[in-house]
Amino acid sequence: MAVEGMAGLAKGLAILEAFGDGAPRLTISDASRATGLSRAAARRCLTTLTELGYVTFDGKFFAPTPRILRIGAAYSESAPLPQLAQPHLAAIRDAIDESASMAVRYDNESLFIARSEGSRIINTGIRVGARLPLYASSTGQVLLGDMDSTELADYLAAAPFPARTPKTPTTASAVEDRVRAARATGMAITSEELEVGLLSIAVPVHDPSGRLVAAISVSASSSRVTVDELRDRFAPVMQQHAAALGRQL
């Protein structure tokens with residue numbers, strides 16, 4: 001009975017994780033494809049989630065409800081890393097008047113676990129719980145620097161990587177160049193690699209032992225900010241707070 005219960009929980013969580021920016025609503029067939037579950041299993045999970053109030057059903061599509069936020073809040077409100085990061089993200093936001101975020105590596109994605117919104121809100125899709133591909137995001141290019149040579153080689157072996165824009169690094173050598181540059185300079189800057197018109201900068205957060213644990217990032221419209229400004233004005237503020245946060249870990 002316990003094994004069956006845990007299997008059911010795993011299936012339900014897989015269904016919840018299938019929702020996202022690219023899939024705000026799911027049919028039973030969508031959920032089945034996204035999770036690898038059978039249609040019958042996907043239907044049972046979605047029915048249970050509907051009964052529990054985590055999703056709604058309009059006769060064709062299932063969609064998440066605000067109750068899902070309680071799951072993410074359980075982490076962001078209790079785990080030490082996002083709690084410690086929040087004052088630093090707010091200070092960065094106040095200093096440069098742009099939203100600041102923090103991400104950790106989760107499989108082959110950057111997972112955002114904390115954010116402080118600025119007054120200039122741009123539609124980047126970044127929010128707590130959002131995920132971005134490592135190779136195409138500034139946070140990802142920083143976080144890839146934590147991989148040892150074997151792990152990085154295994155990751156790069158998946159190339160070519162899907163292009164998000166004409167500037168996305170899609171080859172193993174291009175991604176490796178960005179990782180090496182991030183390690184050498186202590187920052188990663190992407191210029192329209194993830195989204196046309198979007199610039200982003202990320203800096204690493206190291207714990208007292210030197211282990212890379214997270215990346216702090218800021219994104220801004222290319223019509224308002226230049227790459228030089230990211231490097232010269234944003235980076236020093238971000239690095240100062242990343243170092244202060246690291247000392248607290």
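D107 is placed in the loop between β3 (100–106) and β4 (109–116), where helices (H or I, at least four residues) and strands (E, at least two) are DSSP runs numbered from the N terminus. The model is a predicted one, in which local features need pLDDT of at least 70 and side-chain atom pairs count only at pLDDT 80 or more, while totals for chains, interfaces and linings use all residues. Residues are numbered from 1 along each chain as its sequence is written, and side-chain values use heavy atoms, with hydrogens and water left out.

**Backbone features**

Although D107 is not a glycine, it has a positive phi of about 55°, and with a relative accessible area of 56% D107 is exposed (buried means under 20% relative accessible area, exposed over 50%, and partly exposed in between, with a 1.4 Å probe and protein chains only). E192, in the loop between β6 (188–191) and β7, also is not a glycine and has a positive phi, of about 60°, but E192 counts as buried at 18% relative accessibility. A cis peptide bond with omega of about 5° joins A159 and P160, and P160 is placed in the loop between α7 and α8.

**Aromatic rings**

How many aromatic pairs does the structure hold? There are three, where rings of Phe, Tyr and Trp (its six-membered ring) pair if their centres lie within 6.5 Å, and planes under 30 degrees apart count as stacked, over 60 as edge-to-face and the rest as tilted. Two of the pairs are set out below.

| Pair | Centre to centre | Angle between planes | Class |
|---|---|---|---|
| F57 and F62 | 4.2 Å | 20° | stacked |
| Y135 and F161 | 4.8 Å | 20° | stacked |

Y135 lies in the loop between β5 (131–133) and α6 (138–143) and F161 in the loop between α7 (149–156) and α8 (172–185), so that the pair links distant parts of the chain, 26 residues apart. Y135 is buried at a relative accessible area of 7%, and F161 is buried at 7%; together with Y155, Y135 and F161 form one aromatic cluster. In the other tabulated pair, F57 counts as partly exposed at 43% relative accessibility, whereas F62 counts as buried at 5%.

Two arginines have their charged ends over rings: that of R25 sits over the ring of F61, 3.8 Å from its centre, and that of R67 sits over the ring of Y54, 4.9 Å from its centre. A charge sits over a ring if NZ of Lys or CZ of Arg is within 6 Å of the ring centre and within 35 degrees of the ring normal.

**The second largest pocket**

The second largest pocket holds about 350 Å³ of space and is lined by 16 residues, of which G8, L9, G12, T48 and L49 lie nearest its centre. On a 1 Å grid over the protein atoms alone, a pocket is an open set of points where a 1.4 Å probe fits, with protein on both sides within 12 Å along at least five of seven lines, and lining residues have an atom within 4 Å of a point. Both α1 (2–18) and α3 (39–52) supply at least two residues of this lining, and the largest share, eight residues, comes from α1.

Technical notes:
Grid points are joined across faces, edges and corners, and a volume is the space filled by probe spheres set on the points.
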